[in-house]
Every structure is written in C-alpha cells, then in structure tokens.
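Visitor: I have a structure open and would like to learn how to read it. Could you walk me through some features, one at a time?

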Amino acid sequence: MKTSSTADIQARSFDPSDTQRIEISQPKEWAAGIPAVLSAYKNVTSKAGPIQGSRLLFDLNQIEGFDCPGCAWPDPLEKRATFEFCENGAKAVADEATTKRADAAFFAEHNVSKLRGKSDRWLNDQGRLVQPMWLPEGAEYYQPIDWPQAFTLISEQLKSLDNPNQAAFYTSGRTGNEAAFLYQLFVRKFGTNNLPDCSNMCHESSGVGLGETIGVGKGTVSLEDLEHAEAIFVFGQNPGTNHPRMLSSLQAAKRQGAKIVAVNPLDETGLKRFKNPQEISGVIGSGTALRDLYLPVKINGDVALLKGLCKALIERDSDHQPVLDHQFIKQYCHGFDAFKADIEQTTWLDIEQGSGLTQALIQQAADIACESKKTICCWAMGMTQHKNAVANIQLMTNFLMLQGNLGKPGAGVCPVRGHSNVQGDRTMGIWEKPDPEFLDALAKEFAFNPPRDNGVDAVETVHGMQKGQIKVLFALGGNFFRAMPDHQANDQALTQCELTVQVSTKLNRSHLHTGKQALILPALGRTEIDTQASGIQTITVENSMGVIQTSHGKIPPASDLLKSEVDIIAELAQHTLPDDGIDWLAMRADYRLIRDHIGNVIPGFEDFNHRIDTLGEFVLPNAVRDARQFATATGKANFVVHDIENIDVPKGCLLMMTIRSHDQFNTTVYTNNDRYRGIHGTRKVLFISKEDIADLGLTPGQHVSIRSHWPNDKVALREVSDFALVEYGIPKGCAAAYYPETNDLIPIGSVADKSNTPAYKSIVISLHATEVS
C-alpha cells in the first residue's frame, strides 16, 4: 500500500484555529503496541489529570468498576485483566473526565452563530456541560435556566401538543438499561412509540436481516466462541480503531489455530498484525499476524462475494466428499432448494464483476471455510449501511447455515456494536416497532394500555419534522443532527420544531441546529458517582454478546447541577404525567425498583437485582445459541434469495463510502489524526487509488470538491470542498472519506431496503479540482 506526501498542503476546517499542517505517511503495518499505550496515557493525564486519570483506567471495565463509555465489546466473564481497556476506551474516558468546563460564562461569550463556525473537535474540546441552558425563541445566546423551569417548559410543550405522536424521543447507545427502560415507559405512558435511536443509523439492518433468517436480532456467539473458532470471517469492520479489544480475542483465536479472513475495500491495519501491549512480544517483538487472507472487495460488492462463497461450497459438495451440513439443513432450515438453484444459476462472471474479486481469490476463502468445522462471521457498519444491507446480513447468515455454523460452540453470527449499550437499549424497549409481547407485559406490569401503532425511526423523524408533524424532539444523549445525513434537510426540519431538547455531557453540533426554543440538559457521565435518595446507584449495560454487566461511577460529578439520566426522565415524567399512578420519583430514588420492573417485563431478567448483586454480570438467553430454536415465520432458519444489484457508476465517477478515523468515536472527534492510515493534521482527505488519480487527470495531494449524484434528487448540488487526495490501497473505482464531514453528500432518502438505515457506504461521486486558498 502506497501513499504520497502532501506536507506542503494546508488543512482547513470549520474553524481557522483548527488549522494544522498536513503530514501523510505510509499506513501502519501493525496495531496497538507502545504507541497505543502512550496515546492512552497521554489522553488521560492531559484531560483528567495524572492521578485521577490513572485511577479511572484501573477501574475501567472491572466488575466493581465502570463500563467503558465507548464500544460494546464484551469483557471476559468472571475474570478481567489488570488493564482491561484499549487506547480508544482510554480516550473516551479521558474525554468524559476532562477538567475543562463549558459553563454559563462560556455561552455568554459565544453565540450560536459563532459556535456554528467551529469544528466538531473544537466544540468537544470545550469541556463538560455543567448547568442547564436555554435558547429562547429568537435569541442568539444560550442562557442559564434552573431545573424546575426546564422541566416545566418541556412538560407544558408536550401537554400542548394536539396528540402524543407530535413528539419524538431519540436515544443514544450511551444510555444505561435503567434509564432506557424508564424512558420508554414514560414515552409510551405519554402515548407514542416514536422512539428513534442510534440503532436506526447503524445496526438496524443487522436486526432486520437476522430477524427474518434466524429469528434473533442479536449475535449468537460468546467471547469464548470467538476465541475457539476455526475460521473467522471479518466483513466490513475495522476492529483496530472501532473495537480494539477485539484484537486480543482474534489473537487468542490465532493461537488456537484459527484462520482469519478480512473482507474490506481498505486493508485495515488492525487486521494485519497485533502487538499486544500486555505481552513482552507486543512491546519488543513483532506481535501476532492476524489475517490469513485479505479480500479487497469493491464497495457494495459483498452480495456478489457472498454468493461466490456459497457457490464454491455448493459446487464442492458431493456424496463421497460432503462439504455442506445436510443434516442441519434438513432439520433446521427452510428454502434451501430455491437458494441452491439461485446460486447455481449465478455465473462466476457476474460474481467477479459484482465483487471486484477473482474467482481464484474467492476459492481461497472457500478453502478456509471448507477446512473449518467452526466458523464465525463478524461484521460492523461496512455491511449495514448500504441500500442492500439486509441482503448482506442474510447472505452471511446463509453462508454459515450451509455448514451448520449456528447454535454450536465456536460458530455463529457476530454483529459488533459500536456504542456501549446500544444493544441493551433495544432490549429495554427502545424501538419504534415494539413486539406485542413486550407491550402486553408492560401493560400488565404498569396497568395501562400502551400505544400499539408503530412509531417513527430516525429518518422518519426528520421527514415528520419537515412536514410539521413532529413539533418536539427530545434527545437522550447523542448528536442527532451531526450523525444523520443531509444536514441541509435536518436543519430545515429542526427549525420547524417548537422545542428541541438535548440531554448531553459535552457540547456538539446538535446544540446549534435547533427548534424555535432549545434546551441543553447536562447529565452525569459513566465515570461519575450517581447518588440518589437511597444512596450510590449502580446501572447496568448489555454488551455485543448479550451479557448484562454492572457499572459503578468512581469520580465526583463535574458539577453539583448535573443529574443522572434516570433523574431527568423521572422528573420530566412527574411534571408531565403527575397523576398517572406510577411512582416515578421512587424509581429515581432507588434504581433497584426499576430493575424489579425490568425483571417482571423482559424475559431473561428474572431476579435481576439478586443476580447482579451476587455475580456482577449474567448472560441473557439466546434461542439460536442455546437450543437451535428459530423464532421465524417458518419456525426454521431461512435461506433467502438475493440478486446481485450493481450500482450504476457513470464514467468519470467513483463509488465512495464514509469511514471513521482512529482518533474518533462516532461523531466525537478527538484529534485531526488517523495514525493507522498515516494521516496527521486533517480530516479533509479522500482515499483513492493510484490508478483513479491518474485516470481522472489529478495528482496526489491535490485539493478537490466532492459532488454526489442521485437520481431524482431535488437538490441541485450536493458538494463538500477542499479535500486533499490521498493515494491509497483501495479497489479501482472506489473512494473513502471521513464521517460526518461527508454526510452532506447523502440525501435523507438514501436508505437501506427494509431497515431504513441511511446508506452512508454507497455514494456515487465526481471530483472537481479546486484552488488552495
């Protein structure tokens, strides 16, 4: 992989003070090691202080400590390493525990227009929000407001609506189980299922695809399964940056003899070689080589590749040398004959053209699958954010089903969630399309009739605001405006709202694109001690593998004016629904009462408090993993036929996907660097092949405007400017740029079939040379 130096080119961003000199170097050939340790320590000591920061790291992901506010990668059951965290987890902790404060004096100095001109990184760097702030209608400056006034303002606005569906209640994956359960209870008691959440933007395609094929919208493997698999296929995922602790599990699998296949348009550093900083070989040695085979699939070529893998297995199967698990297929599967016929009719030419891979390379991957008796497929948003994302998920599952790799040790599906409790929030009922069984149990527990009509997801929320049908947006965490595509549509939609409310820990762009009135409600972070009337509270979260874990804050709150998310929800409910028969304030006083209700409503949480008191963690049941039971319409695991649908990319255009940098978590940008990809000093770069640079008559380092092209799009021009070209190892005809800087290129209507997830990974673009100012 080759890059070129553009050190003489100046990076530009929202804020001139954010300008740095660009340095572009060769991508790294290994992940973690001493640089990761130094980065973690530097971040924590510089932001939280050396003493407090070091203490937090020792408590991070420990049973009596607090759960990482970053990704949802699981911790080992029962025992933990002394340092059970990664570089990026340390960054998340440091960012939350920073000593900097964004207080009333800060907001008095910076009006909204001025703040809009700042970069995402600059906004985040201003520190913790420490008191409620209000932006009155027509005002330019946020001003302080006390909590009772804030709750009165919100409750009066909610009660003035013509019907409850004129409000939408967004949720971030940072929210703990107790707050999520209380939140959905309040929203449904208020009378709506308008519960969009961050899953709508990331793994919704996983839930939809898996629900139709195997009847469980979650992964079916444990951490132990991953470490004892014989083959692991990693699709559309960059664990070195987004889930670094996964590298330890992959290392353990390699040492047990597993083969690892990496499938991605970019050859990500984290899947090349891992230097474990907790081992001598990771400090002074060469580390562990991870991937055995790299498949540089072209963007949106995964359906073709997966059909190729299935075709290779089916073609090799014979009576005297079986490759398929015919007993599993006969006993547990439905639709195999139609699936087999479709695969047999699909030509290798179509597969090669659709995937960008040769038949020989796909056959090498099939060799690894054939040699394995225990195979796992892992994936992240590289698979879930395409128009045909659900097809990606279902063909991965069908690939596993061919060899019986579901419901047995060391095998199964492993969607890797990107936020600490995004899976738990869904388990708690944060979903716009609730299961009738869940609503029945909720009705029985709280003696009311929950609404039964589906609510709106994140994309539908924007459409509803645009049409004036949604007048209040309440966001429990997250950065709704910045995370969504099409900021022009989002800004126009939000201005139609009467009120927007953000429950937040740090300043972000969603505080600057608001309704007629806006509130910022500052919340406790995961690291902070949560004290209520009954004493210090514990919360719980669910990781990517269905394990419920406790989290205990360890440091004093950043301000006496901060409230926990549970506290905020309970007080809002008390103001809005004062005589509804639910003792909201009692649940605020003692979170154990919330967990008692959870145990009565949600299967798998029986005796909730006792189990976390005695064990600190427990594993939720999983019908596929535990008993090979498939809660689908057929009662079996379903094979599904999908066509190869190639995206039309006109001559002179490229297909682009959005990606995240190594110094970024979701929309939170820590620095303008991406160490593993060799980028320093800017985020405004476009990764592109050497061949495409030459074919387009451009040069490495040249600045370009990026325009996107969409059939029937009503917007005349979607363009972002001043992106430097970086020559990179990516398939010809493909390109990549950072999220969320390129979100404006995507119209709000470009979504995945069935899941309605924004299609951040399939953007037709053209490049236009610009002058460097």
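Visitor: Let's begin with strand pairing. Which residue in strand 31 is the bridge partner of Arg707?

Guide: This is a predicted model, so please read every contact here as part of a prediction. When reading paired strands, look for the residue facing yours on the neighbouring strand. For Arg707, the bridge partner in strand 31 is Glu719. Strand 30 (residues 703-708) and strand 31 (residues 718-727) pair in the antiparallel sense, over five bridges.

Visitor: How many bridges join strand 30 to strand 33?

Guide: Five bridges join strand 30 to strand 33 (residues 763-769), and these two strands run antiparallel. To find your place there, look for Ser705, which stands opposite His768 in strand 33. Strand 30 is also mostly covered, with five of its six residues buried.

Visitor: In what order do the strands of the barrel go?

Guide: Six strands close into a barrel in the order 25-32-29-31-30-33, and the pairing is mixed. From one strand to the next, the twist averages 45°. Elsewhere in that order, strand 29 (residues 685-688) pairs with strand 32 (residues 734-738) in the antiparallel sense over three bridges. There, Ile688 has Ala735 in strand 32 as its bridge partner.

Visitor: Now a hairpin, please. How many residues lie between strand 21 and strand 22?

Guide: In a hairpin, look at the two strands and then at the turn that links them. Strand 21 and strand 22 form a hairpin with four residues between them. In the turn, Gly546 has a positive phi of about 70°. The pairing of strand 21 (residues 539-542) with strand 22 is antiparallel and has four bridges. Val541, for example, has Gln549 in strand 22 as its bridge partner.

Visitor: Are the residues of strand 22 buried or exposed?

Guide: For a strand, check each face in turn. In strand 22 (residues 547-551), five of its five residues are buried. On one side these are Val547, Gln549 and Ser551, and on the other Ile548 and Thr550, so that both faces are covered.

Visitor: Let's move to helices. At what angle do helix 22 and helix 28 pack?

Guide: For a helix pair, read the angle, the spacing and then the residues that meet. Helix 22 (residues 436-446) and helix 28 (residues 591-601) pack at an angle of about 130°, with their axes 9 Å apart. That makes helix 22 oblique to helix 28. The crossing is right-handed. Phe438, Ala441, Leu442, Glu445 and Phe446 in helix 22 meet His597, Asn600 and Val601 in helix 28. By class, this contact has five nonpolar, two polar and one charged residues.

Visitor: How does helix 8 cross helix 28?

Guide: The axes of helix 8 (residues 177-190) and helix 28 come within 10 Å and cross at roughly 70°. That makes helix 8 roughly perpendicular to helix 28. This crossing is left-handed. Helix 8 contributes Asn177, Glu178, Phe181 and Leu182 to the contact, while helix 28 contributes Tyr591, Ile594, Arg595, His597, Ile598 and Val601. These residues divide into six nonpolar, two polar and two charged.

Visitor: Finally, loops. Is Asp457 buried or exposed?

Guide: For a loop residue, check the accessibility and then the contacts. Asp457 is in the loop between helix 22 and helix 23 (458-466). Asp457 counts as buried because its relative accessibility is 1%, and the cut-off for buried is under 20%. Leaving aside its neighbours within four places in sequence, Asp457 is in contact with Pro196, Asn200, Glu432, Lys433, Ser755 and Asn756.

Visitor: And why does Lys651 count as exposed?

Guide: Lys651 counts as exposed because its relative accessibility is 87%, and exposed means over 50%. You will find Lys651 in the loop between strand 24 (637-638) and strand 25 (654-659).

Conventions: Residues are numbered from 1 along each chain as its sequence is written. This is a predicted model: local features need pLDDT of at least 70, side-chain atom pairs count only at pLDDT 80 or more; totals for chains, interfaces and linings use all residues. Side-chain values use heavy atoms; hydrogens and water are left out. Axes are lines fitted to C-alpha atoms, for helices over the stretch in contact, and angles run from 0 to 180 degrees between N-to-C directions. Angles under 35 degrees count as roughly parallel, over 145 as roughly antiparallel, 65 to 115 as roughly perpendicular and the rest as oblique. A crossing is left-handed if the near helix is turned anticlockwise from the far one by less than a right angle, and right-handed if clockwise. Contact means heavy atoms within 4.5 Å. Ala, Val, Leu, Ile, Met, Phe, Trp, Tyr, Cys and Pro count as nonpolar, Asp, Glu, Lys and Arg as charged, and the others, Gly among them, as polar. Two strands pair if DSSP finds at least two bridges between them. Buried means under 20% relative accessible area, exposed over 50%, partly exposed in between (1.4 Å probe, protein chains only).
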